[in-house]
Amino acid sequence: MEQSESSHGEEDDGPTIAKRAKPEVVKEMEGILRPVKLSRGELYKPPTAEELNQLKEAESLFHCSLLKMQMEELLKEVALSVRRKQQIDSFVQNVTELLKTVPQTPVVELSDLSWLSGGVKVPFLLVPKAAKGKFHMAPPISVNIIGSYPLGTCTKPGISVDVAVTIPADVLHPKDALNQRYPRKRALYLAGLAHHFNLVPNLGVLSVERYLLCSGAVCVSDDSMLLPLSPGKENSGFTLRLHACPPPGFFKPSRFHPQRNNVRTEWYTGLRSSQTEPPTPHYNSSVLGDMLPAAHLQFLAAVHSQCSAFTDGVALLKVWLRQRQLDQGAGCFSGFLGSMLLAYLLTSHRVSSTMTAYQLLRNSLHFLGMSRVVTPLSADRLLPSLAEFHSVFQVVFVDPSGHLNMCADMTACTYKWVQHEAAQSLQFWDDPTVDGFHALLMTPKPMIRTADHVFQLCGLAQLQASCKKLNLLNELMDHSGNYILTVLPFILSLLQRGLGERVRLLTHSLLPDPEWSVESEAPKHKVQPHLSFGLLLNPEQAVSVLERGPPADSAAEFRQLWGSLSELRRFQDGAITEAVVWEGETSCQKRLVPHQVIKHLLQLHADIPESCVRYVGGMLDSVIKVCSTGEEESLKVVQSYDDLSRKLWRLEGLPLSITSVQGAHSALRYTQVFPPVPVKLDYTFFHRDKTSKCLVPLEDKPCPVYITPIKVICHMEGSGKWPHDRVAIRHIKAAFHISLGELLTQQHHYTCQPSATHLDVWKDGFAFRIQVAYHREPQVLRESLSPEGLLIVRDNEEAQALEMATIHQPFLTSTLHGLQQLHPCFGAVCRLAKRWLGAQLFSDVISEDTADLLVASLFLQPAPFTPPGSPQVGFLRFLHLVSCFDWRNNPLVVNLNGQLTDYTEIKNDFIASRESLPVMFIATPKDKKVSFWTKLSPSVQMLQRVVLVAAESLKVLEHQLMDASQIQDIRVVMRPPLDAYDVLIHLQPRQVPLLNHAVDKPHVTFSRGVLNVGVPKTGQAMPVVDFSPVACYLAELRDAFGDLAVFFCDPYGGTVIAVLWKPKAFHPVPFKTSQMVARRVEVTGEEAHTVPNVEAILEDFRIMGQGLVKSVDLRTERWVV
């Protein structure tokens, strides 16, 4: 949570400490905290009753004392300091004195604005323009602070202090409730106050620059006009909001019954109407909201006096709402509603007044998550009944007076979203594997990162046509001409009907409170920002291309909903029903079926053209597109592997049987960035080698297509005949590779190429690389004999690498394959994440396995979110995880298969051994203490770089996705910043085999020796497997100059190798003839030193990459010491 103001440095000195308590004071001397010195009596003094209660509370209510301390620190952080309160009180007093000097003006017609000069405009849309009544300015009857500030529930950031300015009774008329007269007079009165403030000489620090349409602390209507006042720049940090209110008792509350009409049709339309006047419940609520702030404050103050933790409970609830963006905008669940909810729970005895703030928050969320409506009932028969409220409002929360629905402008979708968030918060609150405090109160949840799909309605002026199409004249009058708020509930209802089981929840953005200059006209509704909607998808139903309806004789409603798309169809079970079939052959097309549904329904029923609907659901798919987005290609690889696995199991003639066949490649878990596709070779690009009989690329042709080796581990059974010598074991494995190749060729006619370390099998256009494994080989590698003949068992890198390749990677592949079956978009999220890492030149910093584990954590521990339901939202959360996780102080636990139930042991071991552990520590059920996935990389410096780039990428990408006014180029987050590098080695595009997968598609493409027609046949010649000139050149560079520089490259079609010099490598070292590689001698006096010979190194870059290197670009001269 971002805090705009720190409470440190603002607090008062506190009460004076008695001399007897002096040892308890921690002294600070020269910035060093000294330990507290206590006497023996104080050291062994028994705890007080208060301390015992706190200990008992921490034990029974919290997971640990840390959570209790976190809550307390958060409350201190959001509370106002004594100094800030003094500033506010002083400012309020100054403004009150100024308000007493408001001059009296002559009485004029309501439409006469000649008295208003100085460029100040009336903050009201005068539609229709004519209105009866008189008006004049006069000093307010009273000025009172209302809202959260006098209760002590005002919190940071965004401090707003509400002040009620009571309009004199002679300015108003008892019939001003009719036809928008009161709202217009209220706007005129605020304009008069702004005019008065601008005319006062020597105003000092007071700043009045804008109007504000409020839905905040004490407002229950979305058209409550405010005049914000702010102090000067030196004392900025809070805003004073002036509310113009009628005198107490001036209007009868019964006049604003939800079933009564206060806006006449004839006045609004200019046409006579013989029909009964419709009720205007929203307009009535807006006027009632101005009449009751004082009564609400009195009610909350009474509750506050009975519950000591009320202030802290409201503060925690406000933080919870703010992090979920539920407390701002039209129809929001504001802090005022949170206070009234907590007061209702206390007065109805649903919670006890002795509860702590922690318990109050928990019970409030429990009530929100479990209740359908929030409705304190009243027994007074003269008041509106519950049924009358529900007949005109979607959400009902009646205030203590019984007249006002405080949720009048809230849609049912907004309240359902609040309920969903509350229920979800309770689910992970008590989970010992989740950091409840951080997930509950410290993690922001913007819509683009919370909803699976987002779409926007642009060009909101088009909603006027929707009002006509839906015949919403009565509702338009009720909302004072605001066609956006008028049509919104009907659009939400329409979409819920159409989407049905495809979505679990549908939400919408809350229109922000408009602000504009006092010298400008009130903004029209069409200039409001676009309206955003969020979909929380049901993964199983969301991708269905069939919308099956009822039989034809009862399908009138179905045909009315879907229009011409509804057709009568016969199904395999013999049923003949109405149905709608959507377009969708590939997975990425099926994921966008909700887009087709929304687009069709809005066009058909609301006259909203397709051009006004901006769907933000699959914009990132193009970054990882092969033919589709890769799911189908991955499935072909898995199917071919399954067939090969079965045939390996059934091979006859092996001296030992096969105990297991396991895939160890990312394509077999659906996470390969660009999955292998079946390849049919063009033999004119190759010549056949006479010795190996493999296809060798011709020199004058571009680099051939890259053939990915799909790694398969084949474990052989144990036997006493296996040798106990590491060299002999390798020879036996090589023999098995030869035998497997011969048997596969004889029995299945596969083309095989055996070698000492593996066997390449060419099958269905894929290259499978089979490696034979013996389960005791890692142990043999760890054993050695001492000179005395003693057996020594010592771990080493060779044994660890073998275990990683033959045990851990196959296990990870099978586990993540299962995760893909549970969450269909898991693979696509991994591929997006790894494409970003590669594009930003981090693919060698964070390995593929590490990236897959990072993404897996988003699905296995998604709190405070739900598991990602689309690749886009998963990728955004990946960037947030990388950039915001506290890698220094916390381990990332990836609970594969749910085998871990408590993380305490992992965290304790992590803290105890932190200095010796990798900077990025990832724990899994089989790796709790070492983090062998990140043992080698990243380093501290590179992780800092990754975190920085991830944070900036997240910021830019979210802005690109949500801001329709920007030029849409989501690939900007895939383009690496090259300014930080010292040397850039540009490569020849024709020699880059994966050039077609580059972030920006090349202008010129090259034929890579592949035919695009036909299906690959079994038994063809073996091509060159795993051949990439770029990878080979990069390996040679690192081997030759790894002590001088770090090399970076995008493995997916990158045409630039970025070089960063190591600063320590350029320090002069004493001359040694054995250390003269790539160095030159510098003589200073009688001493000779050597430094790297940069010019020679750059020339070596060109020579080593002859035919591949296009140019070497020297960017800096940082090596100069």
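Here is a quick tour of one protein chain, from its overall build down to two residues.

This is a predicted model, where local features need pLDDT of at least 70 and side-chain atom pairs count only at pLDDT 80 or more, while totals for chains, interfaces and linings use all residues. Residues are numbered from 1 along each chain as its sequence is written, and side-chain values use heavy atoms, with hydrogens and water left out.

Let's start with the whole chain. Its secondary structure comes to 33 helices and 37 strands; these are DSSP runs numbered from the N terminus, with helices (H or I) of at least four residues and strands (E) of at least two. The C-alpha atoms fill a box of roughly 105 × 90 × 60 Å, taken along the principal axes. Of the 1121 residues, 53% count as buried. Buried means under 20% relative accessible area, exposed means over 50%, and partly exposed is in between (1.4 Å probe, protein chains only). As for contacts (heavy atoms within 4.5 Å), 71% of those between residues at least 6 apart in sequence join residues at least 24 apart.

Now for two residues, side by side:

| Residue | Place | Relative accessible area |

What does His479 touch, not counting residues up to four places away in sequence? The residues in question are His282, Asp409, Leu485 and Thr486.
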